[in-house]
Amino acid sequence: MTASWETIPELVRWAAGRFADTEAVADGRTRITYAELGARIERAAAACLARGVEAGDRVAVWAPNTLDWITASLGAVSAGAVLVPLNTRFKGAEAADVLRRSGARLLFVTGTFLGTSYVASLRRAAGAGTPAARRPLPALPALDRVVVLSDDAPPDFETWKDFLAAGDGVPPGDVRARAREVTGSALSDIVFTSGTTGRPKGAMITHGQTLRAYATWADLAGLRPSDRYLIVNPFFHTFGYKAGVLACLMRGATMIPQPVFNVDTALANIAAERISVLPGPPTLHQQLLDHPARDAHDLSTLRLVVTGAAVVPLRLVERLREELGVGTVLTAYGLSEAAGIVTMCRRGDDPALIASTSGRAIPGTEVRVAGPTGTPGEVLVRGFNVMRGYYDDPGATSEAITPDGWLRTGDVGVLDAAGNLRITDRLKDMFIVGGFNAYPAEIEQLLLTHPDVLDAAVVGVPDPRLGEVAKAYVVRRPHSHLTSDDLITWSRREMANYKVPRSVEFVRSLPRNAGGKVLKGELRGRG
């Protein structure tokens, strides 16, 4: 299959022809085929040409998972632009910072999402122009145009309908000629890191890297043309866009975008849309399994789950298989700086291996751990998937990538004799208890084996005698009466003394970013 396309525009056109009559996207009441999706994307590309987008220009999208996100993004990329997805949880100032640093010339933005006007938020952060102004947002001088993905827009912005109409006079031959100019070595996107450990940095990835990585992902996962894929992972995240949208284009699977993870909505979608593929973080699947109304929904079509995190309880893998009949449950590991994918389990792996590791290096890449074999060390990656660098940040790039091409991930892990990688933590999350290195993820994994613990996060807090000690934030299972003393006493039986949390705080939920990562910085700030 991969021989047919070397760039994303080629993939879009190929999919539109190969799967022409197959349902491509089901977004609420809107249902379109692959042929119709291809036509919409080509129209959006024509509008980008009409509005002056040149090859290599950065085009940003700040919107939730919708058909319009897919159309706008792939239209821009088909016009030769470099996609800059913005985190939907960003505040206006955070979005403006990424827009400024990326030099984006065009922005597609949602109107209102989760009760927030993104347009108003952006205007507060970056100023407000006038109809006669040269730029719609004075604080962002590179930004030529803002398109609102709705029927209403301020006078200095443009509606999605008007933007698309502007391209109707562009000859189709011009659009296809622009798409043909794109090469596999051209940048396809700049994905800004989540910023959980500092200021976000933009990882630059090419068309060739992206397509090779997610053709591999689709092969290893076993994605099929008949699959119906509920995409809950946000599109601004590599997992949602590339393992979701692009992988579906490669296989002709049907995309069902879900803008926000809500367990009730997910259950309803799985049943109504006959969902067969549901990737996502472990917490997503845990909530599905534990939902009191789960049995009222037909979940029998689910056949493929791909998840990943430092902590994936074995019981979760077993329950997905036993209670929901999911035939394939896989774990994987990746990061934006490595095109979103580094290792992945294989179909047929033992459940214990799937739960305890993130699998083996994908073909064409190398993974090693700094330090002695079998002991924790920083995970290093080399291969086709390693980013071209951080956008406009040579200093950070040289720190991240060694002269001989190894990417320093900042993650701590252990490799077994077969090359399976177990992520134990982030280097920056590690703390030292009386001279012993304590890895929060290891402690969290142990805590999750307690029958009354639903979710857990551990951070290091100051201690006058030991320097730092563990503090655990714990989500109890419904109707549990577990106390902090109970859990600490249990921990002393189950783990080395230096790992035992000295304090436990019970919370309703853990703070997470839209990509599912626990916000450890926020927990540390609570003291």
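The dialogue below turns to sheets and then to cores.

Reply: Please keep in mind throughout that this is a predicted model.

Me: In what order do the four strands of the open sheet lie, and what is the sense of their pairing?

Reply: As a general idea, strands of a sheet pair through backbone hydrogen bonds, either parallel or antiparallel. Here the four strands of the open sheet follow the order β18-β19-β20-β21, and the pairing is antiparallel. Because β18 (365-369) and β21 (421-426) stand at the edges with a single partner strand each, one side of each is left without a neighbour in the sheet. Neighbouring strands of this sheet are turned against each other by 45° on average, direction ignored.

Me: How many bridges join β18 to β19, and which residue in β19 is the bridge partner of V367?

Reply: Five bridges join β18 to β19 (residues 377-383), the two running antiparallel, and V367 has V381 as its bridge partner in β19.

Me: What links β24 to β25, and is β24 mostly covered or uncovered?

Reply: A hairpin of three residues joins β24 to β25, and these strands, the latter comprising residues 467-476, pair in the antiparallel sense over ten bridges, with A470 in β25 as the bridge partner of G460. Strand β24 (residues 453-463) is mostly covered, eight of its eleven residues being buried.

Me: Which residues have the most contacts inside the largest nonpolar core?

Reply: That core has 120 residues, and those with the most contacts inside it include L37, L74, F108 and W217; helix α2 (residues 34-50) gives the most to this core, with nine residues. Leaving aside neighbours within four places in sequence, L74 is in contact with residues including I8, V12, I41 and L249. A second, separate core of 30 residues includes A438, V458, V459 and V461.

Key: Residues are numbered from 1 along each chain as its sequence is written. This is a predicted model: local features need pLDDT of at least 70, side-chain atom pairs count only at pLDDT 80 or more; totals for chains, interfaces and linings use all residues. Side-chain values use heavy atoms; hydrogens and water are left out. Two strands pair if DSSP finds at least two bridges between them. Axes are lines fitted to C-alpha atoms, for helices over the stretch in contact, and angles run from 0 to 180 degrees between N-to-C directions. A nonpolar core is a set of buried Ala, Val, Leu, Ile, Met, Phe, Trp, Tyr and Cys residues joined through side-chain atoms within 4.5 Å. Buried means under 20% relative accessible area, exposed over 50%, partly exposed in between (1.4 Å probe, protein chains only). Contact means heavy atoms within 4.5 Å.
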